[in-house]
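Hello,

Here is the structure I promised to pass on. Have a look at it first, and then read on for what turned up when I went through it.

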Amino acid sequence: MSAVRSIAHVFPAVQTTEGGGFIVNRPFPTRQLMDFDPFLLLDEMGPVDYAPGAAKGAPDHPHRGFETVTYMLAGRFGHKDSAGHSGTLAPGDVQWMTAGAGVIHSEMPDPEFTRTGGRMHGLQLWVNLPARDKMIAPRYQEMPHAQIPQGRSADGLATVKVIAGESLGAKAAIEIRTPILYLHFTLAPGARVEQPVPAGWNVFAYGLSGTAQYGVNGEAIGAQQMVAFAGDGDTVTISTPENETGDAAGPTEVLLIGGLPLNEPVVRYGPFVMNTEQEIRQAVLDYQAGRMGHIAH
Ligand code: FE
C-alpha cells in the first residue's frame with residue numbers, strides 16, 4: 001500500500017534580483033525558509049522578455065562546497081570558468097556543476113542572444129554536498145536537451161523530463177553525489193501522476209505555470225509557489241483539473257524535487273556553503289589569495 005504525502009506548507013516565491021541585476025523568483029532561501037536540506041537555493045530566472053542589448057547575467061564569481069544545477073527553459077546562456085570550461089546552454093539543456101573545493105565562473109547571456117533580445121527563462125538549484133565531499137575537485141556535466149531522458153504516462157496526459165532520479169519509466173543519465181530527484185512534469189488537463197519518493201527524503205514541488213493539485217485532498221496551487229510535502233508517505237500525487245488549460249504561455253508545468261537530507265550544519269556566506277565558520281573564513285582567504293583560480297577572458 002502506498003501512502004500519499006500531505007502538504008506541510010506552501011511558500012510563495014519571493015521576487016528579487018541576482019547577479020548583474022536579473023530578476024528571479026526565489027522560493028528559498030527567504031526569511032521564511034533558509035534551506036530545504038539537502039537543497040540550499042532554488043532560483044527561477046525570469047521568465048523575462050529582454051529588449052536588444054538589455055539581457056543581464058552573473059559576471060565572475062566563486063563557489064565552494066556545493067553543486068549548482070542550471071536548467072534552461074528559454075534563451076541562451078554562456079558560461080566560462082577557472083578550470084577552463086566554457087560553453088553555451090540552449091533551451092532544455094542542463095549543466096551540473098560540482099563546485100567542490102572551488103571554482104570561479106561567469107554565467108552571462110550568449111552574445112548573440114544579448115544582441116537580438118528575447119525571452120530568458122531558467123532555473124538554478126543549489127544542491128549541498130556532504131562534509132566529506134565539500135573539498136573534492138570541481139567537475140562539470142553537460143546534458144544537452146536531446147539527451148535528457150523523458151517519460152510519459154500510459155494515457156499520454158503527463159510527460160516528464162528526468163534530470164535526476166526516475167519517473168514514468170525514464171531514468172536520469174547524470175552522475176550525482178547527493179542522492180536527489182529532479183523532475184520536470186508537463187501536465188495536460190485531467191493528468192494524474194503518482195510519483196514514488198523514498199521514505200525520509202525531503203520533497204517539494206514548484207509550479208512554473210498553470211495550476212496543479214497536490215496531496216491527499218488535491219489542493220489546487222498555482223505557479224511560483226513551493227509546495228513542501230510532509231514526510232508521511234512514499235508517494236507524491238500531482239494532478240490537473242479536467243478544465244485546467246494552463247497559463248496563456250502554455251500547459252501546467254511543475255518541478256518535483258527531493259533529496260536525502262544531509263543533517264549536517266550549514267554555514268553559508270554568499271557563494272560559499274560549508275559546515276563551520278572556520279571553513280567559511282578559509283574559503284574567503286583561498287578566494288582572495290587566488291587559490292580558486294581565474295577566468296581567462
Ligand atoms: Fe554561479
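Pro-38 sits in the loop between strand 3 and strand 4, and a cis peptide bond joins it to Asp-37, with omega at about 10 degrees. That loop, which runs between strand 3 (22-28) and strand 4 (39-50), also holds Pro-29. Here too the peptide bond is cis: it links Phe-28 and Pro-29, and omega is about 5 degrees. As background, most peptide bonds are trans. Please keep in mind that this is a predicted model.

Arg-26 forms a salt bridge with Asp-43, the closest N and O atoms being 2.6 Å apart. This pair links distant parts of the chain, with Arg-26 in strand 3 and Asp-43 in strand 4, 17 residues apart. Arg-26 also forms a salt bridge with Glu-18, where the closest N and O atoms are 2.8 Å apart. Buried or exposed, where do these residues fall? Arg-26 is buried, at 12% relative accessible area, and Asp-43 is buried as well, at 5%. Glu-18 is partly exposed, with a value of 34%.

The structure holds nine salt bridges. Another one of them brings together the side chains of Arg-192 and Glu-194, at 3.4 Å from N to O. Arg-192 counts as partly exposed at 47% relative accessibility, and Glu-194 counts as partly exposed at 49%.

Arg-5 is another charged residue to look at. Arg-5 lies in the segment before strand 1 (7-12) and is buried, yet it has no salt bridge. The nearest side chain of opposite charge belongs to Asp-232, 5.4 Å away, and a salt bridge needs the atoms within 4 Å. What does the side chain of Arg-5 have beside it instead? A polar atom of that side chain lies 2.9 Å from the backbone oxygen of Gly-233, and the backbone oxygen of Pro-198 lies 3.1 Å from a polar atom of the Arg-5 side chain.

Now to the metal. Which residues are the protein donors of the iron ion? They are His-61, His-63 and His-105, each through NE2, and Glu-107 through OE, lying 2.1 to 2.4 Å from the ion. Along the chain, the donors follow the spacing H-x1-H-x41-H-x1-E. The angles that the four donor atoms subtend around the iron ion run from 82 to 177 degrees, which makes the arrangement irregular.

Leu-168 is not a glycine but has a positive phi of about 45 degrees. Leu-168 is in the loop between strand 15 (166-167) and strand 16 (170-171), and counts as partly exposed at 29%. Asn-263, also not a glycine, has a positive phi of about 55 degrees. Asn-263 is found in the loop between strand 24 (252-259) and strand 25 (267-269), and is exposed at 66%.

Finally, the overall picture: the protein chain comes to two helices and 26 strands. Its radius of gyration is 19 Å, close to the 19 Å that the globule rule gives for 297 residues, so the chain is as compact as a globular protein of that length. Buried residues make up 54% of the 297.

Best wishes

Conventions. Residues numbered from 1 in each chain as written. Predicted model: local features only at pLDDT ≥ 70, side-chain atom pairs only at ≥ 80, totals over all residues. Heavy atoms only, no water. Helix = DSSP H or I, 4+ residues; strand = E, 2+ residues; numbered from the N terminus. Buried < 20%, exposed > 50% of the residue type's maximum accessible area, 1.4 Å probe, protein only. Lys, Arg positive; Asp, Glu negative; His and termini not counted. Polar contact = N/O pair within 3.5 Å; in protein donor to acceptor, adjacent residues only side chain to side chain. Donors = N, O, S within 2.8 Å, 3.2 Å for Na, K, Ca; no water. Tetrahedral: all angles 85-135°; square planar, octahedral: opposite > 155°, others 65-115°. Rg over C-alpha atoms; globule rule 2.2 N^0.38 Å.
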